[in-house]
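Please look through the sequence and the model below.

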Amino acid sequence: MTGKTHIMGGIAATAAFAQTSNYDPAIMIAAGALGGMIPDICHGGSKIGRKLPWLSKFINGVFGHRTLTHSILFLIIINGLLLLFIPFESIRIGILIGMASHLLLDAATKNGIKLLYPLDITFRLPLTMKTGGALESIVLTGLTLVVLYYGKDILLHYLYQYK
């Protein structure tokens, strides 16, 4: 998947989750957008890989692409780091939801992900698509519609809260 699809996936997932939680939706959604990019730190050409090239090169050199950073183990590691350094639940939960959306989206590609890393088992969904292809554009459109649907409720919540 492309960066814009991962960002929108993180935003859509956190916007939907925010409807059923007491976390601050605006903070959660911003964190979800960031979380949607984090797993691609292993790819130097990704949005986050270009921002942190030294870290991206190191992680890719040690683990490769779509291995550790696309696994449940990485979600657990990031959760632990967030618990240690970020005291805001809205941020922690948003980042983790954004990351989980990234894994789900990449599992829908032909290459799949190593969800159970360090086990060398590739996980892919039954319906796969080509990164940047027509089907991904349809997925991006669907995610955008989810954001618009839940975003209006969040916007109305803030408007009424400060009225």
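## Ground rules

This is a predicted model: local features need pLDDT of at least 70, side-chain atom pairs count only at pLDDT 80 or more, and totals for chains, interfaces and linings use all residues. Residues are numbered from 1 along each chain as its sequence is written, and side-chain values use heavy atoms, with hydrogens and water left out.

## The nonpolar cores

A nonpolar core is a set of buried Ala, Val, Leu, Ile, Met, Phe, Trp, Tyr and Cys residues joined through side-chain atoms within 4.5 Å. Buried means under 20% relative accessible area, exposed means over 50%, and partly exposed lies in between (1.4 Å probe, protein chains only). The largest core has 18 residues. Ile-38, Phe-74, Ile-78, Ile-95 and Met-99 touch the most other members. Helices α5 (72–85) and α6 (89–107) each supply at least two residues of this core. The largest share, 5 residues, comes from α6. Helices here are DSSP runs (H or I, at least four residues), as strands are (E, at least two), numbered from the N terminus.

Take Ile-38. Leaving aside neighbours within four places in sequence, Ile-38 is in contact with Ile-48, Phe-74, Ile-95 and Met-99. Contact means heavy atoms within 4.5 Å. A second, separate core has 17 residues. Ile-29, Ala-33, Met-129 and Leu-143 are among them.

## Leu-82 and its partners

Leu-82 sits in helix α5. Its relative accessibility is 10%, so Leu-82 counts as buried. Which residues does Leu-82 contact, leaving aside its neighbours within four places in sequence? They are Arg-92, Ile-95 and Leu-96.

Leu-82 and Arg-92 are 10 residues apart in sequence. Their C-alpha atoms are 6.0 Å apart in space.

## Salt bridges

Side chains of opposite charge can pair when their charged atoms come close. A salt bridge is counted when a side-chain nitrogen of Lys or Arg is within 4 Å of a carboxyl oxygen of Asp or Glu. By this rule the count is 3. Asp-106 pairs with Arg-66, with the closest N and O atoms 3.3 Å apart. Asp-106 is buried, at 0% relative accessibility. Arg-66 is buried too, at 10%.

Glu-89 and Arg-92 also form a salt bridge, at 2.8 Å from N to O. They are 3 residues apart in helix α6, so about one helical turn separates them. Glu-89 is partly exposed, with a relative accessible area of 34%. Arg-92 is buried, at 12% relative accessibility. Lys-114 forms a salt bridge with Asp-120, and the closest N and O atoms are 3.0 Å apart. Lys-114 is buried at 18%, whereas Asp-120 is exposed at 65%.

## Backbone features

Arg-66 has a positive phi of about 60 degrees, although it is not a glycine. Arg-66 is placed in the loop between α4 (53–63) and α5.

Is the peptide bond from Tyr-117 to Pro-118 cis or trans? The bond is cis, with omega near 20 degrees. Pro-118 lies in the loop between α6 and α7 (134–161).

## Aromatic rings

A pair of aromatic rings is described by the distance of the centres and the angle of the planes. Rings of Phe, Tyr and Trp (its six-membered ring) pair if their centres lie within 6.5 Å; planes under 30 degrees apart count as stacked, over 60 as edge-to-face and the rest as tilted. The structure holds 3 aromatic pairs. One of them joins Phe-17 and Tyr-23 and is stacked, at 6.5 Å centre to centre and 20 degrees between the planes. Phe-17 is partly exposed, at 32%. Tyr-23 is partly exposed, at 27%.

Tyr-149 and Tyr-150 have ring centres 4.9 Å apart and planes at 80 degrees, so this pair is edge-to-face. Tyr-149 is partly exposed, at 48% relative accessibility. Tyr-150 is partly exposed, at 24%. Lys-152 lies over the face of Tyr-149, at 4.5 Å from the ring centre. A charge sits over a ring if NZ of Lys or CZ of Arg is within 6 Å of the ring centre and within 35 degrees of the ring normal.
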